[in-house]
Amino acid sequence: MIIPLLRQAKLTPRVASVLKWEGIIVDPIGPLLALFAYEIIKITSEESFLLSDFIPFFVESILAILVGYAIGMLVSLLVSKGLFPEYLKSPIIFCFVLICFASGEVIMHETGMLSVTVMGLTLARSKKYVHSIGSIGHFMENISVMLTSTVFILLTASLTRDTIMDVFTWPIILFVIIMLFLVRPLSIWISTIGTELTLQEKTLVGWIAPRGVVALTVSGYFAGLLIEDGYPNASILTPLTLALVFITVCAHGFSIGPIARKLGLANTNSSGVVMVGASSFSIAFAQHLKDMGASVLITDTSDDQLYRARKFGIPTYHGEILSEHSDFEVDMTPYDTILAMKGDAAYNALVCQTYIPEFGYHNTFSLPIGTSQVEHREIPSALKANLLFEEGATFTELNKKVNIGYTFHTIEINSKQTLLKEKRKSKGIPLCIKRKNGNLVFVTFKEKPLLDEGDQLVVLELEK
C-alpha cells in the first residue's frame, strides 16, 4: 500500500525511507508477533503451564528463517552458475518464492511471509555478486501488484452482505477513529523520541499508515482460531479490519500529497529533470530550466565538468549513474524525466534502457551524437520518438552553438492550439514546452507537440 503512495506524493528522502521500511518490516514481523501473543494467551490461560511450552514456537520461527535463507542462497547459486535460461529466470524464481512461502507455512502458520522476507533479503544481498538477479525486480513488482489486487477481490468476495453492513456501525467507526487520531500518532511520537526526525516529519509519519491485504488476511485467520476456541464474538475482527483498511487507504491516499506539501516535506515543483552528462549545452539548458522553476539534477563521472554546473547553483551528482550505489545516493523522487546527453551514443542507450522501468518509456530521452543524418533515418520510428529535438540538433552541434554564443529564450504562447512549426519564425531550435500546469514536454524527432495559450516554448537561438 505504501510504495505507490510514496511515488505519488514525492516526499523528502528521510520521511519516504521511514514509511517504506516500516511497511517492509511490519508485514512479516507483525503477523509473527500477533501469533506469539496468541500463543502466550492460550498457554498461560491453562491451569498449569511451563516456560518450556514456548520453545516450539521459537524453534519453528527459527526454522522458517533458515528455510528462507537456504532457498535464497540456493537461488543465488543457481543463477550465478547460469543454470536458468534468461527468458525463464523470472518465472523460475517466482516458483521458488511460492515454494519458500509454502515451506514456511508447513512449519508453522503465518511464518511463510517471514521465510519469503528472509529469502528476499538474501537475494538482495547477493546482487553484489550475482548482478543478473536485479533484472527480475520489475517483474516481481508487477506480479505482486496483480496478485495483491486478486487477493483483495477474493477476500471481499467471500464477505456476506451482513458483514459488510457491520462495517458502518458506530462502534467500528469509533474504533477506526481512535486508531487514526490517537493510537497511531501516539505510537510514532513515543517510538521516535531521541531520533533526528523533525516535528513536521513526526506529524506526517504519525498520520500515514495505510493497512492492506496482510492485515485483512491475518485478521481472518485469527478470527477463525478464536471462534474455534469458543469466542463467537471474534467474528467482528473481519468487518473491523475491513473498515480499517478501507478508511485508511482512502484517507491517507487522498491526503498524503496535500499534507506533505503543507508541512514542507514534498517537492513543490511539478516537473523535474535528470540530465546525464555535464556538457556546455546541458549545463546551460539546466540553468534555464532551473530559472523557470523546474527541479534539475546533472550527473557525471567528471568532477571538473560538474564544477561548472555547481557554480550556477545546479544540483549535481558525482558518480556513475548506472552503478548500484546511485540507487542509494541519488533520490529520484523529485524527478519524472531523464535525459541521456553524454557524448557516447552507446552509453546514452544503456542509460535509457536502465531507467525506462523507473521513469517510463515516454519520459526517457536520448540526445543524438553524430552529425550524419543517415544513421537517424535508419532508426525505427518507435525509437525515434525518444530522440531529442530535431534533425541536426545533435550533441556536437548543440554544444558548438552554446560555445559560440547561442542562448536560451522563452517564448510566451498567447494563441490557442498552435502548431509548433507556426512559431518557427526565427532560426532557433525548439527544445521543450512548459505547460500551464508546470509539466515539461520535450520536442523529439517524431513528436512535435501542440502549443496552447499560456504555454512557454524554450528555444535555443543566436542573440540578435
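**View A. Contacts of K202 in a predicted model.** Beyond its neighbours within four places in sequence, K202 touches I188, W189, T192, T195 and L197; contact means heavy atoms within 4.5 Å. K202 sits in helix 9 (residues 199-207). Helices (H or I, at least four residues) and strands (E, at least two) are DSSP runs, numbered from the N terminus. K202 is buried but has no salt bridge. Its nearest side chain of opposite charge, E201, is 8.6 Å away. Lys and Arg count as positive, Asp and Glu as negative; His and the chain ends are not counted. Buried means under 20% relative accessible area, exposed over 50%, and partly exposed in between (1.4 Å probe, protein chains only). A salt bridge is a side-chain nitrogen of Lys or Arg within 4 Å of a carboxyl oxygen of Asp or Glu.

Residues are numbered from 1 along each chain as its sequence is written, and side-chain values use heavy atoms, without hydrogens and water. Because the model is predicted, local features need pLDDT of at least 70 and side-chain atom pairs count only at pLDDT 80 or more, while totals for chains, interfaces and linings use all residues.

**View B. Salt bridge between R14 and E196.** The two side chains meet at 3.5 Å, N to O. The pair links distant parts of the chain, 182 residues apart. R14 lies in helix 2 (residues 13-44). E196 lies in the loop between helix 8 (170-191) and helix 9. R14 counts as partly exposed because its relative accessibility is 33%. E196 is exposed, at 67%.

**View C. Salt bridge between R310 and D303.** The closest N and O atoms are 2.8 Å apart. R310 is partly exposed, with 36% relative accessibility. D303 is also partly exposed, with a relative accessible area of 36%.

**View D. Salt bridge between R435 and D455.** Here the closest N and O atoms are 2.6 Å apart. The partners are 20 residues apart and link distant parts of the chain. R435 is in the loop between strand 7 (429-434) and strand 8 (440-442). D455 is in the loop between strand 8 and strand 9 (456-462). R435 is partly exposed, at 22%. D455 counts as buried because its relative accessibility is 2%.

**View E. F389 and its backbone angle.** F389 has a phi near 65 degrees, a positive value in a residue other than glycine. Most residues other than glycine have a negative phi. F389 lies in the loop between helix 17 (381-384) and helix 18 (395-403). At 0% relative accessibility, F389 is buried.
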